[in-house]
Amino acid sequence: MSTILQPHPHPIEEKTNYLNADYGWKSWLFTTDHKRIALLYLFSITAFFFVGGAFAVLMRINLLSPDGLFDHDTYNKLFTMHGIIMVFFFLVPSIPATLGNFLIPIMVGSRDLAFPRINLLSWYIYIFGGIFTLTAVVRGGVDTGWTFYAPFSTTYSNTHVILAAMGVFVSGFSSILTGLNFIITIHKMRCPGMTWSRLPLFVWGHYATALIQVLGTPVIAITMVLLGLERVLHAGIFDPNLGGDPILFQHLFWFYSHPAVYIMILPGMAVISEVVACYSRKRIFGYGFVAFSSLGIAVLSFVVWGHHLFVSGQSMYASMVFSFMSMAVAVPSAIKVFNWTATMYRGSISWDTPMLYAFGFIGLFTIGGLTGLFLATMAIDVHVTDTYFVIAHFHYVMVGGMVMAYMGGLHFWFPKITGRLYPEGWAKFAALVIFVGFNLTFFPQFILGYLGMPRRYATYAEEFHALNVMSTAGASILGVGYVIPMIYLAWAWRKGPISPQNPWKAKGLEWEQSPTPPPTFNFDKPPIVTEPAYNYSGHEEEQEVDIG
Amino acid sequence: MADSEVALAAHPPGLQHHFDNSAQQLEASTLGMWMFLVTEIMFFGGMFASYTIYRNLYPEAFASTSHFMNVTIGAINTGVLICSSFTMVLSVRSVQLGQKKTTITFLTLTLLLGLVFLVLKFVEYHEKWVDHHIPGPGFQYADPRYFHQAQILFYLYFAMTGLHALHMIVGAGLIITLIVMTARNRFSAEWNTPVEMIGLYWHFVDIVWIFLFPLLYLIGHTS
């Protein structure tokens, strides 16, 4: 809503909040406050995002020329490090560890997560895993692809596979602990009146995410252990020459890594549900459907991994089942998209920055999701397997979906986190730049892939030159689009106008009952919930009857 | 509720600031521990899945390697772990009754039984070392038909029992911590959550062994 013109001389700054409660470095590094831990995550994740982004820039530079500008081994390392860092150190922790960590206790009306010290531990584990991976980078990188396929990774690659695998193994535990904390908090720490059916959809989305984190991540952990041991011992467990089964590795790997892509999108959907309802000034359409579609995605995500193995020698009958299940998982995703658009229908929509990102999310996620159905169809998948079509598909979901939602969420809750407002004009401009840059980068890759350009090659045929140059041009625009918010958000954090408690007139405990920015224990007086979620219309008849 | 100063006067032992009361805290801890054990099931599950696949791929090699498993030690260790679970239950019971000395006795017994298990496990590993059954460059196997397949099966044997033993070592460390905490009067009949939680962990590690023992030692042994 109208926000920028209120330089209220309100004495908010004098009030004690979680930011000015203490300034020493110990108060940050040994904090158990979920809000401070969220900020620790925010800064470290941003750093990893730009490291991973730098690798992407180098890849796109290499692909400016059909012959490749770098040494081919270098290119192999570039795409591997880009993948490992972006997947395990940016996308998986992105929204849950920052916005989720910050908001879930406040949204359910609790003073903290159930296990604050475990929450801090998860950040240290994350950093520890990051050090492993960055050590692998500094010492020369890894060239197996982020998928670590055996037996190349166990026998033939002469790069630092074990270091990188240890990084993935270690950082996985940070993800498990975050998920565990969320589940227990949502079950046991809700304030009076916060029933399951009044939970914000942000919380439902993170609950589903946490289930996947808790059930899936241990499997990638044991897979990395088996991989590392095999690389040392060469006992042959994944090597067909020695009687081992490389498909087994792929099954174990994707048993986590396919559900993991839902770890990378469900929190984004969770953010969009909040943003769409707020900027349409309407109760979300079909609350129950949106909430349960998150759980539906979480459940179905565990039975679709085989669609990564259509051309790996998996049984045809298994492929048919996995193909069917992969199409089934599109249903709950589509339910969400339909419900968001139905929420906007006849809403009074305002075009603020978070809503721009939400629009971007819905459009790009739909493209990414529908091309996912192409890939779930076995006959088409055989044609486009390991081509740029796949690259474009999952970047539309991961970058066009998750990163858009992450940016939207950061803007939406920026006043909550910092107590200040960001410059709306710059923010809208950056959102537009990101949208244009993104599409220019990745749409040509759909065409490239369909025409047959394989992924993970340092060189390509002459006829793909123009589209690759377009993609690289788009990537530079996208890069600029990510740097602009870095600058103005950092500026706004120090100098932006002071935000009122609820600048967007949004619903939810975090805006209505918690001061901005929140005090260390989140609420000045114990919160109580008396109305359903997203009660934007405010009609009395929509309110549930108070018991007692 | 939010005012921690007010609550300080009648502060129940062990209650952390962000919980409303001890009951809520205990519920959260218990659910958290069970959830953690679910992640452990998934962790071991990856290896059980690999085991199942190779057992189905190579039944003859499996029957052949099972003759090299020391069933006697495995059976004794199973008994040792079941007894340790029993003493663990008794220590949880005695800490709930506020009996400090009995708690320490039973925790120490549990620890000793755990150490007996680890020592016997070490003896078994040493046998494998002497027989060159450790997967890797030095691996040797009597039946040349099954050389590669046996190596994979021994790899799984060591991965599964090794990670189980690692969990035992962690558990032993936790029990030592509990003994020290009990000796320092940290627990009472009102608050003894850590003993209960680590008890759950200890039972879980025992149950993993209850599955490992028949799968690795007994199946195929007589064929």
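Lys495(A) lies in helix α19 of chain A, and although Lys495(A) and Leu421(A) are 74 residues apart in sequence, their C-alpha atoms are 9.1 Å apart in space. Helices here are DSSP runs of H or I with at least four residues, and strands are runs of E with at least two, numbered from the N terminus.

This is a predicted model, in which local features need pLDDT of at least 70 and side-chain atom pairs count only at pLDDT 80 or more, while totals for chains, interfaces and linings use all residues. Residues are numbered from 1 along each chain as its sequence is written, and chains are lettered from A and ligands numbered from 1 in the order in which they are written.

**Where the two chains meet**

- In the model, 36 residues of chain A are in contact with 28 residues of chain B, two residues being in contact if their C-beta atoms, placed from the backbone, lie within 7 Å.
- On the side of chain A that touches chain B, the elements giving two or more residues are α7 (161–188), α8 (201–233) and α9 (246–263) of chain A, and α8(A) gives the most, with 10 residues.
- That side of chain A divides into 24 nonpolar, seven polar and five charged residues, where Ala, Val, Leu, Ile, Met, Phe, Trp, Tyr, Cys and Pro count as nonpolar, Asp, Glu, Lys and Arg as charged, and the others, Gly among them, as polar.

**Helix pairs in chain A**

- α8(A) and α9(A) pack at an angle of about 150°, with their axes 8 Å apart, the axes being lines fitted to C-alpha atoms, for helices over the stretch in contact, and the angles running from 0 to 180 degrees between N-to-C directions.
- That angle makes α8(A) roughly antiparallel to α9(A), since angles over 145 degrees count as roughly antiparallel, those under 35 as roughly parallel, those from 65 to 115 as roughly perpendicular and the rest as oblique.
- α8(A) passes α9(A) in a left-handed crossing, which is one where the near helix is turned anticlockwise from the far one by less than a right angle, whereas clockwise would be right-handed.
- The residues that make this contact include Thr209(A), Ile212(A) and Gly216(A) of α8(A) and Leu252(A), Phe253(A) and Tyr256(A) of α9(A), and the contact of α8(A) with α9(A) has 11 nonpolar, six polar and no charged residues.
- The axes of α10 (residues 266–280) and α14 (residues 353–376) of chain A come within 9 Å and cross at roughly 125°, and these two helices are therefore oblique to each other.
- The crossing of α10(A) and α14(A) is left-handed, and its contact, to which Ile272(A) of α10(A) and Phe361(A) of α14(A) are among the contributors, has eight nonpolar, one polar and no charged residues.
- The axes of α2 (residues 34–62) and α5 (residues 116–138) of chain A come within 10 Å and cross at roughly 15°, so α2(A) and α5(A) are roughly parallel to each other.

**A helix with a buried face in chain B**

- In helix α3 (residues 59–66) of chain B, the residues Ala61(B), Phe62(B), Ser64(B) and Thr65(B) are buried.
- Seen down the axis of α3(B), these buried residues fall within an arc of 160°, so they line one face of the helix, the arc being that of the directions from the helix axis to the C-beta atoms.
- The buried residues of α3(B) pack against α2 (22–57) and α6 (147–183) of chain B.

**Loops and backbone details in chain A**

- Arg455(A), in the loop between α18 (424–451) and α19 (465–495) of chain A, is partly exposed, with 17 other C-beta atoms within 10 Å.
- Arg455(A) and Asp386(A) are 69 residues apart in sequence, yet 5.5 Å apart in space, C-alpha to C-alpha.
- Arg456(A) has a positive phi of about 65° although it is not a glycine, and with 14 C-beta neighbours inside 10 Å it counts as partly exposed.
- The peptide bond from Ala150(A) to Pro151(A) is cis, with omega near 0°, and the one from Thr516(A) to Pro517(A) is cis, with omega near -15°.

Terms used:
Buried ≥ 20, exposed ≤ 12 C-beta atoms within 10 Å, placed from the backbone.
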